[in-house]
Amino acid sequence: MPDQAQLLDDERALIGELIADRAEQWDLSGELPIDLLRKLGARGLLCAEVPTSAGGLGLDSGQSGELTAYVGSLCSSTRSIMTSHGMAAWMVSRFGDRAQRRAYLAELTSGQLAAVGFSEPGAGSDLAAMRTRIRRDGDSVVVTGEKKWVTGARYADHLMILGRDGDEAAVVVVPASAPGVELVPMATAVLGCRAAGHWNVRLNDVRLPVGHLLGGGGQDLAMLFTTALSYGRISVAWGCTGIVRACLRAATEHARNREQFGKPIGEHQLVARHLAELVVAEQIATRVCEHASAAWESFSPDMVIATVLAKHVSAGQAAHSAAAAVQVLGSAGALDGHVVARAYRDAKLMEIIEGSNEMCQLILADHALTTSL
Amino acid sequence: MTDQTVEASPLTAEAIESALTAYLTEKTRTTTEIKPDEDVFASGLVTSMFAMQLVVHLESTYDIAIIGPELKLDNFRTARVMAALVLRLSADGTAADA
C-alpha cells in the first residue's frame, strides 16, 4: 500500500523534526515541551492504532510499533507518553460504551493528553492490594485513593484511574482539573525516562457524572489490568527495540571514528564483539516484537503471551545493549543526557515497568505449566 | 483468519459449546474433556491471563466484538456461558459497531 508507506514516511519525518536533537536537553531538564506532545497527539501519533473512523491514523500493530521504536530511538520520555496515552485510548476502545468511545477517542486524537493510574503506594504487581475505591452515588461516581508513578500525569488532561468497584473493578476517566484531584511531583529525579512526567496523583473524593465510568464499571480487576497492560507491554517492547537501535548506531559510529593504538577501535576484537552483540540484539528485539504484532494483527489468542514475551525479551536486550554501548563509547558516553547514557538509565526502568522481568518470567513459566505448548 | 469452519453450519449454542469445550481442553492440560458447564477459572485450570486469550479467540472465531460491559470474567467462566455470549453478540450486530 503505497499510501500507507507514504503516510509512515511522513509521520517519521515529522517526529524527526519535532524531536531532532533536543531529547538530551529534555532529559537533563526533566521536562518535555507540552507543545510537542499536543502536536504529536493532534496528529494521532500518540495512539496511532485508533481507527480513522474515530479520528486516528488506523495503523496496524506492526506499523504503530515501528513508529514507537523510532520515537524510542530518539527519546524514551516521549515514547513513554506514547505508551501511556496509547494505553488510555486502548482502554477506552475496549471498556468504553459507544458514546464514550466516540467522545474520548475524538479528544485523544485532537491534542488532549491522557495518563493511566495503576500503581499505588501498597500495590504494584499485587493487584489484590489495590485500595482506590470507585463508588456510585446516584448519578455520580466518587473516586478516592492514591496512585503513584503515573507516567505523563504532569501533562495529562485525563487520568484513567483503575479502582475497586465493590467486589469488582472499574476505570474512571478523571479530568485532571476536577475538584479533589491533586497532582504531586516526585520529590527527586527518577532514574529513567526522566522527562516523562511521572507524578503521583491523589484523588480526594473526586465526584464526577457517572458517564465518566467506562462501560458502566463492574468489571474484573485482573481482566482490566491484563487487557490494559497488553497494549502497554507491546508498546514498551517496541520502544525498547528503538533503544537497541540507538545504541547500535551510536556504538558503531564511535567505533568507526575513534582511533586508539593506530586504528579505529572497531578493529580491536574486544570492541568488535560488542558491535556484533548489538547487531544480534537489534535482530532479536525486532523479531520478537514483529512476532507479537503479527499475533495482534491476526487476532491470534497467542497475542497475550507473545506480548509478554516481547516485552521481557526487548527490555532485557535494551538493558544489555545500553550497557555495551556505554562501554564502547567510554568517557564519551558517560555524560548524563548522552544518547547511550540515557539508554542505560531508560532501559533499566523498562526492566521494571509494565511487568518487571520477574513478573514476566512468572507469567511465561505459568504458561508453560498450564497450557500445551 | 481462523481454521475453524464455524460459518459452514448455522450458529447454535450446541455447536459453539462443543467447539469451545474442545478449545478449552486443547489449551489446558487436562486429561479429561472440559464439560460445558465447568468453571475453568474456579477449577484453577486457567488464569485471568487466559481470559484475554479467550476474548481474542471468541472475537476472531465468531466475528464479534466483546467490549465495554461485556468484559467480565463471569462471561468467560464456562463454555455454555461463552456460547450464550457469542449468540447474543452475533444477534446484536450493533455491539460490533465500534
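1. In this predicted model, 26 residues of chain A are in contact with 23 residues of chain B; two residues are in contact if their C-beta atoms, placed from the backbone, lie within 7 Å. On the side of chain A that touches chain B, the elements giving two or more residues are α5 (76-95), α7 (221-257), α9 (303-329) and α11 (357-370) of chain A. The largest share, five residues, comes from α7(A). By class, this side of chain A has eight nonpolar, 13 polar and five charged residues. Ala, Val, Leu, Ile, Met, Phe, Trp, Tyr, Cys and Pro count as nonpolar, Asp, Glu, Lys and Arg as charged, and the others, Gly among them, as polar. Helices (H or I, at least four residues) and strands (E, at least two) are DSSP runs, numbered from the N terminus.

2. Residues are numbered from 1 along each chain as its sequence is written, and chains are lettered from A and ligands numbered from 1 in the order in which they are written. As this is a predicted model, local features need pLDDT of at least 70 and side-chain atom pairs count only at pLDDT 80 or more, while totals for chains, interfaces and linings use all residues.

3. The largest nonpolar core has 150 residues. Such a core is a set of buried Ala, Val, Leu, Ile, Met, Phe, Trp, Tyr and Cys residues joined through C-beta atoms within 7 Å. A residue is buried if 20 or more other C-beta atoms lie within 10 Å of its own, exposed if 12 or fewer, and partly exposed in between. The largest share of this core, 20 residues, comes from α7(A). Ala292(A) is among the residues with the most contacts inside the core; beyond four places in sequence, its contacts include Ile234(A), Ala237(A), Met303(A) and Ala306(A).

4. Two backbone angles deserve a check. Most residues other than glycine have a negative phi. Trp149(A), in strand β3 (residues 140-150) of chain A, has a positive phi of about 55°. Cys193(A), in the loop between β6 (181-184) and β7 (199-209) of chain A, has a positive phi of about 45°. Trp149(A) counts as buried because it has 20 C-beta neighbours inside 10 Å, and Cys193(A) because it has 25.

5. On confidence, the model scores ipTM 0.74 and pTM 0.92. The mean pLDDT (the predictor's confidence in each residue, from 0 to 100) of chain B is 80, and 78% of its residues reach 70 or more. Over residues 94-98 of chain B the pLDDT is below 50. Where pLDDT is low, the predicted coordinates should not be read in detail.
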